[in-house]
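Colleague: Hi, I have a few minutes before my next meeting. Could you walk me through this one?
Modeller: Happy to, let me put it on the screen.

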Amino acid sequence: MKRGILRTVEGGRLLFWCPGCAGAHSIRIGEGEGPRWQFNGNYDCPTFAPSIFVNPPGPYFNPAPSSATPS
C-alpha cells in the first residue's frame, strides 16, 4: 500500500525508489529476525538508522570521475 513516498509490503518491509540506480529497494523495519532498520514513522520524509547502503553487483561505478579516481 502506498503511504507518502514509501510502499508498505508484507513481512514488515518498506519499499522505496532509489534515484541513484532508478530501481526499487526494500528494508525490514520493526522487531524480527534478520537485519532491521529503525524508522522515524514519517512516510513523507523518512529517516532510517543506520543509513541505507545499496551495493549493486559488479565493479564500483563512479558516474563523475575526478583526477583522484584511479583509471
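Colleague: Thanks! What is the strand order in the open sheet, and how do the strands pair?
Modeller: Four strands make up that open sheet in the order β1-β2-β3-β4, and the pairing is antiparallel. Keep in mind that this is a predicted model.

Colleague: Noted. Which strands stand at the edges?
Modeller: Those are β1 (2–3) and β4 (23–28). Each has a single partner strand, so one side of each lacks a neighbour in the sheet.

Colleague: How many bridges join β1 to β2?
Modeller: Two bridges, with β2 covering residues 6–9 and the two strands running antiparallel. Within that pair, Lys 2 is opposite Arg 7 of β2.

Colleague: And how many between β3 and β4?
Modeller: Six bridges there, again between antiparallel strands. As one example, Cys 18 has Gly 23 in β4 as its bridge partner. Cys 18 also touches His 25 as well as Gly 23, leaving aside residues up to four places away in sequence.

Colleague: What about the turn in that hairpin, which residue there takes a positive phi?
Modeller: Ala 22 does, near 55°, in a hairpin with four residues between β3 and β4. Ala 22 has that positive phi although it is not a glycine.

Colleague: Is Ala 22 buried or exposed?
Modeller: Ala 22 counts as exposed, because its relative accessibility is 51% and the cut-off for exposed is over 50%.

Colleague: Back to β4. Which residues are on its covered face, and which on the uncovered one?
Modeller: Gly 23, His 25 and Ile 27 are on the covered face, while Ala 24, Ser 26 and Arg 28 are on the uncovered one. As background, side chains in a regular strand alternate between the two faces of the sheet.

Colleague: Let's talk core. Which residues make up the largest nonpolar core?
Modeller: There are eight in all: Leu 6, Leu 14, Phe 16, Cys 18, Ile 27, Ile 29, Tyr 43 and Phe 48. Strand β3 (residues 13–18) gives the largest share of this core, with three residues.

Colleague: Switching to aromatics, how many aromatic pairs are there?
Modeller: The structure has two aromatic pairs. In one of them, Phe 39 and Tyr 43 have ring centres 5.0 Å apart and planes at 75°, so that pair is edge-to-face. In the other, Phe 39 and Phe 48 are stacked, at 5.4 Å centre to centre and 20° between the planes. Phe 39, Tyr 43 and Phe 48 together form one aromatic cluster.

Colleague: Are Tyr 43 and Phe 48 buried or exposed?
Modeller: Tyr 43 counts as buried at 17% relative accessibility, and Phe 48 is buried with a relative accessible area of 17%.

Colleague: What sits over the ring of Tyr 43?
Modeller: The charged end of Arg 3, 3.8 Å from the ring centre.

Colleague: Where is Asn 40, and what does it touch?
Modeller: Asn 40 is in the loop between β5 (38–39) and β6. Asn 40 touches Cys 45, Pro 46 and Thr 47, not counting residues up to four places away in sequence. At 43% relative accessibility, Asn 40 is partly exposed.

Colleague: Where is the cis peptide bond?
Modeller: It joins Ala 49 and Pro 50, with omega about -5°. Pro 50 lies in the segment after β6 (48–49).

Colleague: Last bit, some overall numbers. How many helices and strands are there?
Modeller: Zero helices and six strands. Of the 71 residues in the protein, 14% are buried. The accessible surface is about 5700 Å², with 58% belonging to carbon and sulfur atoms.

Colleague: And what share of the contacts join residues at least 24 apart?
Modeller: That share is 25%, among contacts between residues at least 6 apart in sequence.

Colleague: Great, thanks for the tour!

Notes:
Residues are numbered from 1 along each chain as its sequence is written. This is a predicted model: local features need pLDDT of at least 70, side-chain atom pairs count only at pLDDT 80 or more; totals for chains, interfaces and linings use all residues. Side-chain values use heavy atoms; hydrogens and water are left out. Rings of Phe, Tyr and Trp (its six-membered ring) pair if their centres lie within 6.5 Å; planes under 30 degrees apart count as stacked, over 60 as edge-to-face and the rest as tilted. Buried means under 20% relative accessible area, exposed over 50%, partly exposed in between (1.4 Å probe, protein chains only). A charge sits over a ring if NZ of Lys or CZ of Arg is within 6 Å of the ring centre and within 35 degrees of the ring normal. Two strands pair if DSSP finds at least two bridges between them. A nonpolar core is a set of buried Ala, Val, Leu, Ile, Met, Phe, Trp, Tyr and Cys residues joined through side-chain atoms within 4.5 Å. Contact means heavy atoms within 4.5 Å. Accessible areas come from the Shrake-Rupley method with a 1.4 Å probe; for residues, only the protein chains shown count as cover.
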